[in-house]
Amino acid sequence: MRNYYLIMNVLRKPNKPDSSEKPYHCDICGKSFTEERVLTKHKCIDTGEKPHHCDVCGKSFSQSGDLFRHKRTHTGEKPYHCDICGKAFSENSHLTRHKRIHTGEKPYKCDICGESFSHNSSLTSHEHIHTGEKPYHCDICGKSFSLNSNLTKHKLTHTGEKAYHCNICGKSFSRNSNLTSHIRVHTGEKPYQCDICGKSFSQNGSLNCHKHTHTGEKPYCCHICGESYSRSDTLAKHKLSHTGEKPYHCDICGKSLSSSNLTSHKRSHTGEKPYQCDICGKSFSQNSDLTRHKRIHTGEKPYHCDTCGKCFTQSGELIKHKLTHTGEKAYHCNICGTSFFRNSNLTSHKRIHIGEKP
């Protein structure tokens with residue numbers, strides 16, 4: 001009797017198509033598929049057709065699964081939970097990526113320099129450093145980007161759209177990731193920890209930048225003067241010193257600035273100080289100012305002189321100190337030609353010429 005049920009169970013199972021047999025062919029690109037439904041989905045890619053529409057915001061998708069996942073952005077549903085820290089996610093793939101924060105797994109390796117990454121997208125971004133490729137172009141201003149996500153972010157500078165709102169302070173953001181980072185200012189959450197010194201950070205990018213203080217790595221190189229930097233945003237700011245470009249304008253006073261300085265500059269008008277010290281409660285307009293301030297409490301001096309070993313709390317202090325070893329006087333008076341170790345000394349000296357009393 002047991003054999004009878006086993007045989008009947010096998011007979012009832014539907015026949016799966018032979019993986020080697022692909023009878024369904026795309027008449028646009030010629031690609032073949034084992035199932036008709038897979039061909040139907042594929043054709044939407046070739047034709048650009050997006051037959052599935054969100055009844056909340058009207059956004060369209062080529063596949064029903066994409067629409068289903070998109071709807072969670074409206075409902076706030078997060079059915080996938082991390083069994084280590086309890087954090088919830090709207091997509092299983094996001095949970096898988098998140099778990100690598102806990103495990104330290106970095107399965108994606110660059111075959112040029114050997115550096116490993118936890119996300120495939122991070123590897124793709126990194127590889128563009130080697131190739132210099134920028135395949136994504138803005139159809140409004142023509143600017144090119146190495147990643148499609150960067151192009152999407154850039155386009156918001158043209159539209160000014162800020163669809164993501166903080167439910168604590170009401171501040172709006174053009175990207176959900178920026179909102180997530182901002183909320184950590186309120187909660188104090190720092191989920192990214194350095195496996196070398198144990199220091200924690202609110203953003204993964206901040207952790208990656210911090211790690212360069214241990215390794216001394218400066219992977220971002222200026223193709224004009226050859227100077228290298230540990231952070232890509234520092235390189236971007238540096239490049240403006242060559243071009244003199246100030247593409248962002250303050251809508252309050254009209255002053256022109258670089259992108260990173262515009263946000264900080266506006267706080268001089270609003271008085272906003274969103275970065276608060278969790279030890280003494282003092283607030284700052286810039287996160288970098290808070291980071292420097294905290295070293296008063298911790299006594300941390302992360303910048304080391306490789307000549308004499310002296311340590312400093314700020315990179316600027318280290319740069320000034322190094323001049324005592326090299327004897328270089330980088331700051332020159334354009335009136336009399338006298339040179340100085342420090343810019344502050346040059347500023348004081350110039351008052352002699354203009355007759356200003358300090």
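These are my notebook entries on a predicted model, written for someone meeting the structure for the first time.

**Entry 1: confidence**

The chain has an average pLDDT of 81, and 91% of the residues score at least 70. Residues 1-17 are another matter: there the pLDDT is below 50. Beyond near neighbours in sequence, that stretch has 2 contacts in the model. Where pLDDT is low, the predicted coordinates should not be read in detail. I left that stretch alone and moved on.

**Entry 2: helix α5**

Next I looked up helix α5, which covers residues 92-103. I noted 12 residues and a reach of 17 Å from the first C-alpha to the last. That is close to the 16 Å expected at 1.5 Å a residue.

Which residues of α5 are buried? I found Leu95, His98 and Arg100. The cover over the buried residues of α5 includes the strands β5 (80-81), β6 (88-89) and β7 (108-109).

I stayed a while with arginine 100, a member of this helix. Its relative accessibility is 13%, so arginine 100 counts as buried. What does arginine 100 touch, leaving out residues up to four places away in sequence? My list reads Glu105, Pro107, Tyr108, Ser118 and His119.

I also checked what comes after the helix. Glycine 104 follows α5, and its phi is positive, near 75°.

I then turned to helix α10, residues 232-243. Helix α10 has 12 residues and reaches 17 Å between its first and last C-alpha, close to the 16 Å expected at 1.5 Å a residue. Just after α10 I came upon glycine 244, with a positive phi of about 75°.

**Entry 3: salt bridges**

How many salt bridges are there? The count comes to 16.

My opening pair was lysine 155 with aspartate 139, whose side chains meet at 3.8 Å, N to O. Lysine 155 sits in helix α7 (residues 148-159), while aspartate 139 is in the loop between β9 (136-137) and β10 (144-145). The two are 16 residues apart, and the pair links distant parts of the chain. Lysine 155 is partly exposed at 29% relative accessibility, whereas aspartate 139 is exposed, with a relative accessible area of 63%.

Then I looked at lysine 171 and glutamate 272, which form a salt bridge at 3.5 Å, N to O. Lysine 171 is in the loop between β11 (164-165) and β12 (172-173), and glutamate 272 is in the loop between α11 (259-270) and β19 (275-276), so this pair ties together parts 101 residues apart in sequence. Lysine 171 is partly exposed, with a relative accessible area of 27%. Glutamate 272 is also partly exposed, at 30%.

The last pair was lysine 199 and glutamate 300, with the closest N and O atoms 3.2 Å apart. I placed lysine 199 in the loop between β13 (192-193) and β14 (200-201). Its partner, glutamate 300, is in the loop between α12 (287-298) and β21 (303-304). These residues are 101 residues apart, and here too the pair links distant parts of the chain. Lysine 199 is partly exposed at 27% relative accessibility, and glutamate 300 is partly exposed at 26%.

The network I wrote down joins Asp66, Arg69 and Glu91 through salt bridges.

**Entry 4: cysteines**

How many disulfides does the structure hold? The answer is 0. Cysteine 336 is in no disulfide either, and its nearest cysteine sulfur, that of cysteine 333, is 3.8 Å away.

Are these cysteines buried or exposed? Cysteine 138 is buried, at 4% relative accessibility, while cysteine 336 is partly exposed, at 41%.

**Entry 5: two serines**

Serine 125 is partly exposed, with a relative accessibility of 25%. I also looked up how far its C-alpha is from that of serine 146. Along the chain these serines are 21 residues apart, and their C-alpha atoms are separated by 7.0 Å.

Technical notes
Residues numbered from 1 in each chain as written. Predicted model: local features only at pLDDT ≥ 70, side-chain atom pairs only at ≥ 80, totals over all residues. Heavy atoms only, no water. Disulfide = S-S within 2.5 Å. Buried < 20%, exposed > 50% of the residue type's maximum accessible area, 1.4 Å probe, protein only. Helix = DSSP H or I, 4+ residues; strand = E, 2+ residues; numbered from the N terminus. Contact = heavy atoms within 4.5 Å. Salt bridge = Lys/Arg side-chain N within 4 Å of Asp/Glu carboxyl O. Expected span 1.5 Å × (residues − 1). pLDDT = per-residue confidence, 0-100.
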